[in-house]
Amino acid sequence: MDIREYIESGIAEAYVLGALTPEERMQFESDMAVYPELAKEVRALEFTLFQYCSANAITPPATLKEPVYDALLNATGSMITNHGKTGKQIPIKPAYKKSTFNFRNAAAVAIILGSLSVNYIFWNQGHKEQLERIALQEQLTKIQADQKLLASQLSDFRSSTAMMADTGIQTIVMHTMVKGHPMAATLYWSKANGETYVAMDALPKPPKGMQYQLWVMQNGKPVSMGIIPDGMENTPVMQKISMVVTNGEAFAISLEKRGGNAAPTTLYVMGKA
Amino acid sequence: MNPEKIYSEEELILLLRQQSREAFNYLYSQYSAVLYGVIRKMIYDDDIARDVLHDVFVKIWISINQYDAGKGRLYTWMINIARNASIDKLRSRGEIMKAKIQTTEDAVNKLEQGMKTELYTDSIGLRKIVANLKPEYEAIIDLAYFKGFTLDEISKSLGIPLGTIKTRMRSGMKQLREAFNN
């Protein structure tokens with residue numbers, strides 16, 4: 001088999017993305033065991049996907065951490081206490097009763113002892129230095145990746161800084177209008193030439209069949225500035241609005257059925273100019 | 001916990017197998033945002049996504065002994081747990097088909113957006129910040145990686161020939177790889 005040609009076919013990409021059928025996947029895995037080049041290619045692609053996931057990372061709510069830890073303690077507890085449904089201690093029975101459970105216990109103990117002895121060997125045979133070196137290498141790789149990502153983000157934002165630096169531009173933060181749902185969006189408005197830009201910093205993805213619509217309040221009446229394109233929510237990406245707006249008291253975003261409405265239905269965020 | 005401390009994967013695996021609080025703190029601080037990002041790519045509902053993240057940590061914690069470093073890196077293993085848990089959750093709620101239909105719509109929107117970006121050259125933004133990945137590449141990568149579509153399913157649902165899907169998938173991965181200098 002010409003291994004370069006095989007890699008060129010995109011099979012490794014399809015494999016790491018999980019886009020192969022089960023049969024194709026099994027075939028590829030057995031090929032990978034034979035050709036180290038394939039395995040190397042797969043590791044590199046997996047690292048790329050990890051970086052892609054890191055770039056898409058979302059910090060979970062802070063309130064989640066402790067309940068997760070409690071659940072881990074319970075999960076570990078239930079493994080050790082032999083799935084006792086009532087939670088009380090079960091006395092150890094002779095081996096002929098509940099033999100499967102005792103077998104499991106024995107296996108668990110063997111794994112724990114195995115793991116402990118592996119730890120012991122690792123920590124006591126001078127492997128620590130090696131581990132530290134690997135840690136440093138990983139740190140360096142991570143820093144390089146971070147730097148690359150920052151550089152690309154910088155070039156993205158550089159184009160918008162010129163606009164931001166313009167003192168004629170007013171920044172209007174639109175705050176949530178729905179109690180208990182912290183949402184926000186930002187509008188940049190150059191009143192002199194009527195230019196506006198919107199960034200949907202903290203708005204959820206709209207439900208299926210719905211879209212966000214931008215409004216300007218003129219003389220107390222909402223005037224539509226158009227539908228906001230999909231996929232902008234929860235990003236600091238700015239979108240220029242084509243409508244020229246030279247007067248207005250406030251700006252708002254509402255949730256509407258796909259295609260929009262003549263008047264706002266549910267206001268999500270609003271900010272005074 | 002000392003926030004400056006950085007463990008290698010090998011050290012983290014050892015710590016996790018000891019099931020210490022420090023191991024959990026480190027695991028959570030280093031990986032919860034990546035894993036939550038993966039889950040949220042797959043599940044739109046915040047509450048369900050949080051439940052899945054919870055389950056993913058439990059799964060990582062109790063199956064760390066089954067992790068085999070010979071088969072791939074720890075982050076790949078953890079991300080795959082998150083992907084599988086999300087797909088299982090969608091499937092259990094009978095939403096997997098719905099999700100497939102919805103993502104096809106999203107993908108089509110992305111394709112349209114890609115064309116729009118080229119038309120409205122004066123507008124700032126619209127481009128995804130992530131590695132400036134072309135929308136038509138991103139759609140295919142996301143359908144496969146985050147929605148569990150096979151190449152054939154992607155081809156059928158987007159109405160684009162299989163050969164084109166393969167080429168775009170490869171180009172997309174190449175673009176990501178170059179962007180991350182990998």
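**Figure 1. A:His175 and its bridge partner in strand β8 of chain A.** In this predicted model, A:His175 is bridged to A:Met270, a residue of β8(A). A:Thr176 also has a partner in β8(A), namely A:Val269. The two strands shown are β1 (residues 169-176) and β8 (residues 266-272) of chain A. They run antiparallel. Two bridges join them.

**Figure 2. Strand β7 beside strand β8 in chain A.** β7 covers residues 250-257 of chain A. Its pairing with β8(A) is antiparallel and spans six bridges. Which residue of β8(A) stands opposite A:Ile253? It is A:Val269. A:Val269 is also the bridge partner of A:Thr176. Strands of a sheet pair through backbone hydrogen bonds, in a parallel or an antiparallel sense.

**Figure 3. The whole sheet of chain A.** Eight strands form an open sheet with antiparallel pairing. Their order is β5-β4-β7-β8-β1-β2-β3-β6 (chain A). Which strands lie at the edges? They are β5 (221-227) and β6 (238-241) of chain A. Each of these edge strands pairs on one side only. From one strand to the next, the twist averages 25°. In the strand order, β8 sits between β7 and β1.

Figure 4. A:Asn219 is found in the loop that links β4 (210-218) to β5 of chain A. Its phi is positive, about 50°, although the residue is not a glycine. Most residues other than glycine have a negative phi.

**Figure 5. B:Gln19 between two helices of chain B.** Here the loop runs between α1 (9-18) and α2 (21-42) of chain B, and B:Gln19 lies in it. B:Gln19 is not a glycine, yet its phi is positive, near 55°. The residue counts as partly exposed, because 16 C-beta neighbours fall inside 10 Å.

**Figure 6. Chain B, a chain of helices.** How many helices and strands does chain B have? There are eight helices and zero strands. Along the sequence the pattern reads α-α-α-α-α-α-α-α. Chain B has 182 residues, of which 40% count as buried. Take the contacts in chain B with a separation of 6 or more: 61% of them join residues 24 or more positions apart.

**Figure 7. The contact between chains A and B.** Chain A gives 63 residues to the contact and chain B gives 62. On the side of chain A, the elements that give two or more residues are α2, α4 (36-55), α5 (65-80), α6, α7 (127-165) and β6. Which element has the largest share of that side? It is α7(A), with 14 residues. By class, the side of chain A that touches chain B has 33 nonpolar, 20 polar and 10 charged residues. The model scores ipTM 0.82 and pTM 0.53.

**Figure 8. Helix α4 of chain A crossing helix α8 of chain B.** α8(B) covers residues 162-179. The axes of α4(A) and α8(B) come within 9 Å. They cross at roughly 75°. The helices are therefore roughly perpendicular, a term that covers 65 to 115 degrees. From α4(A), the contact is made by A:Leu45, A:Thr48 and A:Tyr52. From α8(B) come B:Met173, B:Leu176 and B:Arg177. By class, this contact has four nonpolar, one polar and one charged residues.

**Figure 9. Confidence along the two chains.** Chain A has a mean pLDDT of 79, and 79% of its residues reach 70 or more. Among its elements, helix α2 (residues 11-16) has the highest mean, 96. Helix α6 (residues 99-124) of chain A has the lowest, 67. Over residues 78-100 of chain A the pLDDT is below 50. Beyond near neighbours in sequence, that stretch has eight contacts in the model. Chain B averages 80, and 76% of the residues score at least 70. In chain B, the pLDDT is below 50 over residues 112-129. This stretch has 31 contacts beyond near neighbours in sequence.

Key
Residues numbered from 1 in each chain as written. Chains lettered and ligands numbered in written order. Predicted model: local features only at pLDDT ≥ 70, side-chain atom pairs only at ≥ 80, totals over all residues. Pairing = 2+ DSSP bridges. Helix = DSSP H or I, 4+ residues; strand = E, 2+ residues; numbered from the N terminus. Axes fitted to C-alpha atoms, helices over the stretch in contact; angles between N-to-C directions. pLDDT = per-residue confidence, 0-100. Contact = placed C-beta atoms within 7 Å. Buried ≥ 20, exposed ≤ 12 C-beta atoms within 10 Å, placed from the backbone. Nonpolar A, V, L, I, M, F, W, Y, C, P; charged D, E, K, R; others polar. Parallel < 35°, antiparallel > 145°, perpendicular 65-115°, else oblique.
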